[in-house]
Amino acid sequence: MICDQNTEAIESLLSTKDAIECHQLSIQDQSILEPLIQSADIIVSLLPAFLHVQIAEKCLEFNKHLATASYISPQMRDLHEAANAKGLVFLNEMGLDPGIDHMSAMCLFDQIHAKGGKITGFKSFCGGLVADEDDGDNPWRYKFSWNPRNVVLAAQGGAAHFLKHGQETVLSYQEVFDQIELIKVPGYGPLEAYANRDSLSYLHVYGLEGVSDLLRGTFRKPGYCNAWQTLIQFGLTDDHTILSFSPNTTLKSFYQSVSGCSYQNVSELSSLLNADEALIEKLLYIGFMSEEFLPKTSGTAASILESILVNKWILKPHDKDLVVMLHDVTYTLNGQLHRQFSSLVLKGEDAHRTAMAKTVGLPLAIGVKMILEGRIKETGVLAPMHKSIYEPVMSELSHLGIVFRETHV
């Protein structure tokens, strides 16, 4: 049974309608929502993350298991005791990031611990990108394969905290895209990486207390971060102040209005930014000199920018996306220092059968199957940090073509 506000769109994606019911549903319509939850064995919520708790509360009321691919929010975590008391499994973080990142890392740690190694550092990166052969029409070398809003608001909502050489390091939002690392991924090549917001919370989650380095970050192709830093400096990613523009406002006027900068031609823009040709090419691609009208005329600068980028960075029907993940672990064994890389490079088939859909959907589906088969004995609000969950999930994913490449130094 699948529920959505647009059942026609859902039905168009189904290869068969046999034994599959589609119901039109708004989460606000309790008279329809409650009977549907009551009739199910397990609920899978693919709603925006902030709506999961509303579904979870109904699952508690009607004694139903729940699975999501989203991070565990404080509000969801508050339901742990109640779910545990009822013997319910509320399994979260079963996608790509979060999800496969956790489970593959835990498997890697187990391998190192099993041979007596002591982990001294851990870095983990993940990026939802576009295949190299399909990014040539976009100088940013980036297209949307997941939620555009999350891309526009990346790194906002708090400073980046991580460990570097034993010292806690803090980067403000204004610094994150300006202090990047260029990393060569085994089986792929060089990518830029910027730091995620909170890496330090994973010291306990991963059992890495005492390590000198801990960083979780996001991958982008070379050149992206410098250009995105320019958008930040121009105020174009601000998501607080509501703006309003006339219907005939051009993209060029929008950029000038928000940034407070005036330029009449490419030469003036280049001089204003002291920018090289590559940066100017990226800015021109998203309309810094365009006389097109804004697709959206009211909202925050970030939401208006998102409406522009959705049109510019869309995957074409035959474009293939790319998922790249890398774990970089240092450890000591028998008095020697070792370094191990574990990398995943997975390409999609087209704009519909994406690597992102595969890596988010398959772990969630496996987790649901494990709940229904009674193979998950832990109860309450869970993430896949338990060996009884991550080992079988990673094993099944490997049979489905999601395989990590191990490189040891």
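This is a predicted model: local features need pLDDT of at least 70, side-chain atom pairs count only at pLDDT 80 or more; totals for chains, interfaces and linings use all residues.

Trainee: How many salt bridges does the structure hold?

Mentor: Side chains of opposite charge can pair when their charged atoms come close. A salt bridge is a side-chain nitrogen of Lys or Arg within 4 Å of a carboxyl oxygen of Asp or Glu. The number of salt bridges in the structure is 22.

Trainee: In which helix do Glu61 and Lys58 both lie?

Mentor: Their side chains meet in a salt bridge, at 3.6 Å from N to O. Helices (H or I, at least four residues) and strands (E, at least two) are DSSP runs, numbered from the N terminus. Glu61 and Lys58 are 3 residues apart, about one turn of the helix, and both belong to helix H3 (residues 52-62).

Trainee: Is Lys58 buried or exposed?

Mentor: Buried means under 20% relative accessible area, exposed over 50%, and partly exposed in between (1.4 Å probe, protein chains only). Glu61, at 45%, is therefore partly exposed. Lys58 has a relative accessible area of 15%, so Lys58 is buried.

Trainee: How many residues apart are Lys123 and Glu181?

Mentor: A salt bridge joins the side chains of Lys123 and Glu181, at 3.5 Å from N to O. This pair links distant parts of the chain, with Lys123 in strand S6 (residues 118-130) and Glu181 in strand S9 (residues 181-185); the separation in residues is 58.

Trainee: How many disulfides does a search of the whole structure find?

Mentor: A disulfide is a pair of cysteine sulfur atoms within 2.5 Å. The sulfur of Cys3 has its closest cysteine sulfur in Cys22, 8.5 Å away, which is too far for a bond. The number of disulfides found in the whole structure is 0.

Trainee: Which cysteine has the sulfur nearest to that of Cys126?

Mentor: Cys126 is in no disulfide. At a distance of 14 Å, the nearest cysteine sulfur is that of Cys225.

How values were computed
Residues are numbered from 1 along each chain as its sequence is written. Side-chain values use heavy atoms; hydrogens and water are left out.
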